[in-house]
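Good morning, everyone, and thank you for making time for this.

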Amino acid sequence: MQTLMDIRPKIHQHVAYLLDNEELLFVSDKISLRFKGKAIIRWFERFGPYLNGEYTLEEICQGFNPSACEKIAQFVHMLREKGVLHDAFPEDASLLSQAVSRHFRSQIELLDHLTPTPLQSFKAFRESRVLLLGSGDALIALGLSLLRNGLKALSILPIDKMNGRQSYLSALTSQVEGLSQNGIETNISLIEETFLTSFEGLRDYDLVVYCSERSSLKLLFELNQRCVDEHVAFFPSFLYAGTSFIGPFVAPDKQTPCWLCAQMRLTANETEEYEATFWQALALGDGPWLKEVSISFPVTRILGNTLAFEIFLSLSGAHSAYPVGKMILQDSETLEVSNEQLVPYPLCPVCSRPGSFTHPQQLLDVVGGNYDRQTTSQELLEKMNQLIVPHFGIFQAWQDEQVEQLPLRCATLVMGVPFSSPRRRQEITSYSIEDLREARCSAFLEATLRYSMALVDTRRMLCMNMHELIDAQERAIAEQFLVTWSGTCLPEADGRRQWMPAYSLSTESLCCVPAAAVYLSLDLNGMFEKTSAGFAIGKTFQEVLTKGTLSALAYVHITDIFGGQQQLIELTDDDQPFLDPDTLFLLRSAQRFERSFRIGEVVHTSPIHVVVIRLDDATAEECGLSWGYGLSGNDAVKMALSNLVARLQSHTMGQDYDGNYTELLLDPKNIASTDCLWQKRAGRIGQPPIPFEVLKSYLQEQQYELLFVDMTPSDIRAQDVLISGKVLLARQETPHL
C-alpha cells in the first residue's frame with residue numbers, strides 16, 4: 001500500500017507559484033494560496049524545484065532533519081488536497097518513440113495537466129482507429145487537425161457531390177509528407193461509398209466521426225443508430241439553420257445520451273417551424289423545406305478544429321472528468337460559443353432503456369419508500385436547476401426578474417413541451433406567500449408534473465383485450481369502474497387497448513388500469529373526463545399518495561355540486577378564528593383587490609374538506625371559480641385563496657395565469673355559468689385535521705379501491721428528489737374482471 005512518502009509530487013502545469021523573501025504564492029484559475037513564514041520559504045527554496053514528478057517525497061526530504069521532514073510532508077499533503085500538485089505515476093519512456101515524444105511534446109504536456117499518465121493517454125489517442133465522414137472545408141480542417149495532433153492512421157469517407165473524393169486526399173497528403181520528414185509515421189486511407197450501404201467493417205473503428213458544412217440528417221440518424229447498435233463510439237457535428245453543433249460524444253462502454261436524444265430535446269425547445277423543418281429533413285432528406293444559410297470559411301474551419309480538439313480529449317481519456325452529454329454550439333454570424341449539458345431523453349428510441357410491464361419492480365420500490373427523499377427547498381432547487389438548459393434541457397430559463405412580487409412572490413419557468421403536447425412552449429407561473437425560492441420550488445413541481453403527464457412511454461404498456469389479460473392472469477380494472485369514466489360507450493371485450501401497471505393500496509397487490517385513464521393524450525374516444533384529478537408530485541410516496549387521493553376525492557365532490565347533489569356553506573367572519581395567519585393574510589390580500597367573492601364549503605359526508613371561491617364580478621376572460629381541498633378546513637381555504645390571489649395578481653399585471661394542474665379539476669369554461677346553492681349555517685372548517693388513515697378507512701367503507709400509478713420519467717428520477725404519479729379511485733360495486 002502506497003504511503004505519503006512514496007508519492008511523486010508534481011505541481012500542476014496550470015498552477016503558477018511566486019517565491020520571494022516574505023511569502024509563497026500559488027495561483028491558478030481556481031485557487032489562490034498564500035503562505036508566510038521564513039522556515040517554509042527557506043525549505044521550499046530547497047525542495048520546490050524537485051516537485052516535478054521525478055522524485056518521491058522520501059527522496060526530496062533527504063538532508064532534512066526528522067522534524068522538518070514531518071512538516072514538509074504535511075505541507076505537501078495540504079498542497080495535494082488543495083489541488084496544487086498531484087502524484088505523478090512513473091511511465092515507461094519507451095511507450096513512444098523519441099521522434100513522436102519530441103514532435104508532439106506540447107500535446108503530451110497538455111495531457112500531463114489533464115491525466116495522471118500523459119504518455120499512455122497520448123498513445124491511446126495516437127493508435128485509435130478513426131473514421132471520418134462528411135464534406136467540405138470542415139471535414140478537411142478536422143482531418144488536418146487530427147494529424148497535427150498526433151493521430152497515426154486516419155480513414156476518411158467524403159460524401160460530396162460537388163467536389164471529387166481525391167481532392168480531400170490531396171488536401172491531407174501534404175500534412176502526411178511533412179510529418180514523415182520528421183520521422184513521424186502517418187497514413188491515410190480513402191473509404192469507398194459502398195460502406196454506407198452495408199456498414200461492413202464498422203466495428204473495425206474505435207470512433208466514427210461525422211463533420212459536414214452541409215449535413216445530411218438522414219445519414220446522421222443512421223450512423224447514430226448503427227454505432228449504438230454495434231457498440232462503436234460516435235462523435236457527430238453538423239451545421240444547421242445557421243448554427244454549428246458539436247456533440248454529444250456517444251461512448252460505447254457506458255450509458256450516454258445519443259445524437260437523437262439531442263435533437264429531440266432541441267426541437268422541443270425550438271419554434272414549431274424549426275421543429276417541422278428539422279423532422280422533414282430527417283425523414284425526407286434534402287428538399288425545398290431546407291433553408292440555405294451561407295456559411296463563411298472561418299466558421300467551417302472553426303467547426304473542424306474544435307471537433308478535433310474534443311476528439312483528442314475523448315480518445316486520450318482526458319474527457320473522463322467532463323460531464324457526459326456535453327454540447328457545443330456556435331452562431332455562424334456572431335461566432336458566439338456556448339456549452340450546454342444535454343439531458344438524456346427518456347423516450348429516445350435509440351439509447352433509452354424502457355421499463356418492463358411484467359417486472360414492475362420500480363413501482364414496488366416507489367410504493368415501498370425506496371425513492372423517498374427528505375430534501376430542503378434549497379437542495380431541491382440545486383438538483384432541479386441542472387435540468388435548466390436553454391436548448392438541450394427539460395426547462396429553458398427563469399423569466400421572473402421583471403415580475404411584480406406583491407402581494408405574493410412570483411416565479412415563471414419556461415419549458416419546451418414534448419411531442420405529445422399541443423402547446424410547444426409553456427410558461428409555468430407559480431406563487432408563494434413566503435419568498436421567491438419557495439415560488440420557484442412550486443414552479444418546478446408544477447412544471448415537472450406537466451412534463452410527466454405529457455411524456456407517454458407506450459413501451460411500458462401492455463396492448464391486450466380483456467380476454468387476453470385474463471389468460472395472462474393479470475387483474476384488470478375495467479374502464480366503467482373508475483370514477484373519471486365519462487359514461488360513454490365502452491370498448492368491445494375483444495378490442496385491444498393499452499394497459500399500465502398500478503398498485504392497489506386496498507389489496508396491496510399489483511393490477512392493470514387503462515392507460516387512457518392515466519394519460520389524457522391517449523384517450524382518443526373520450527372514455528374519461530378531461531381532468532387533472534389524481535395527478536400529484538412530491539418528495540415522498542406518502543406525500544404523492546395524500547395529494548393524489550385528496551385531488552381524486554375532491555373531484556367526486558365537486559362534480560356532485562354541479563350535478564345538483566351537494567350544497568355550499570358560505571364562510572363568514574365567525575369562521576376566521578379557525579384560520580391560521582398565512583390564510584388570513586391571503587384573505588386580506590384578496591380583499592385589497594376590491595373584487596366581490598364568496599367562499600363556500602362543500603357539504604358532503606367524507607372526512608376531507610373541499611372549498612369553492614366564486615368571483616361574483618368575473619369577466620368573460622376570467623375564471624370565476626377557485627378550488628381548495630385538504631385534510632383540514634384551513635388547508636382547503638388556504639389553497640383556494642392562494643389560487644384566487646394568484647389569478648387576481650396576474651390579472652392586475654396584465655398576464656395570463658392558467659393555474660396549477662392540481663387545482664384545475666374541472667374545465668372552467670364548462671362550469672363558469674353554473675349556479676350553486678349557498679347556505680349560511682355552521683360548517684366543519686373549525687374541525688381538527690384528520691390523519692390520512694382515516695381517509696383511507698372512509699374509502700374502504702364506501703367501497704372505493706385506491707390505486708397508484710407511477711409516472712416519474714427517468715430523467716426526473718435521475719435527479720433523485722421527486723416522484724410523480726396518479727391516484728385513481730375505482731368503485732368496487734361489481735367484481736373486477
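Let me start with a question: is strand β24, residues 625-630, largely enclosed by the rest of the structure or left open? What we are looking at is a predicted model, and in this model six of the six residues of β24 are buried, so the strand is largely enclosed by the rest of the structure. In a regular strand the side chains alternate between the two faces of the sheet. In β24 both faces are covered, with L625, W627 and Y629 buried on one side and S626, G628 and G630 buried on the other. Strand β23, residues 609-615, pairs with β24 in the antiparallel sense over six bridges, and within that pairing V611 stands opposite G628.

Now to the charged side chains, where a search of the whole structure finds 23 salt bridges. One of them joins R129 and D206, at 2.9 Å from N to O. R129 lies in the loop between α6 and β6, and D206 in the loop between α9 and β9, so this pair ties together parts that are 77 residues apart in sequence. R129 is partly exposed, at 41% relative accessible area, and D206 is also partly exposed, at 30%. In another salt bridge K530 meets D523, with the closest N and O atoms 3.8 Å apart; here K530 is partly exposed, at 49%, whereas D523 is buried, at 6%.

Finally, the cysteines: the count of disulfides comes to zero. For C61, the nearest cysteine sulfur is that of C69, 4.3 Å away, and C61 itself is buried, at 4%.

Technical notes
Residues numbered from 1 in each chain as written. Predicted model: local features only at pLDDT ≥ 70, side-chain atom pairs only at ≥ 80, totals over all residues. Heavy atoms only, no water. Disulfide = S-S within 2.5 Å. Buried < 20%, exposed > 50% of the residue type's maximum accessible area, 1.4 Å probe, protein only. Helix = DSSP H or I, 4+ residues; strand = E, 2+ residues; numbered from the N terminus. Pairing = 2+ DSSP bridges. Salt bridge = Lys/Arg side-chain N within 4 Å of Asp/Glu carboxyl O.
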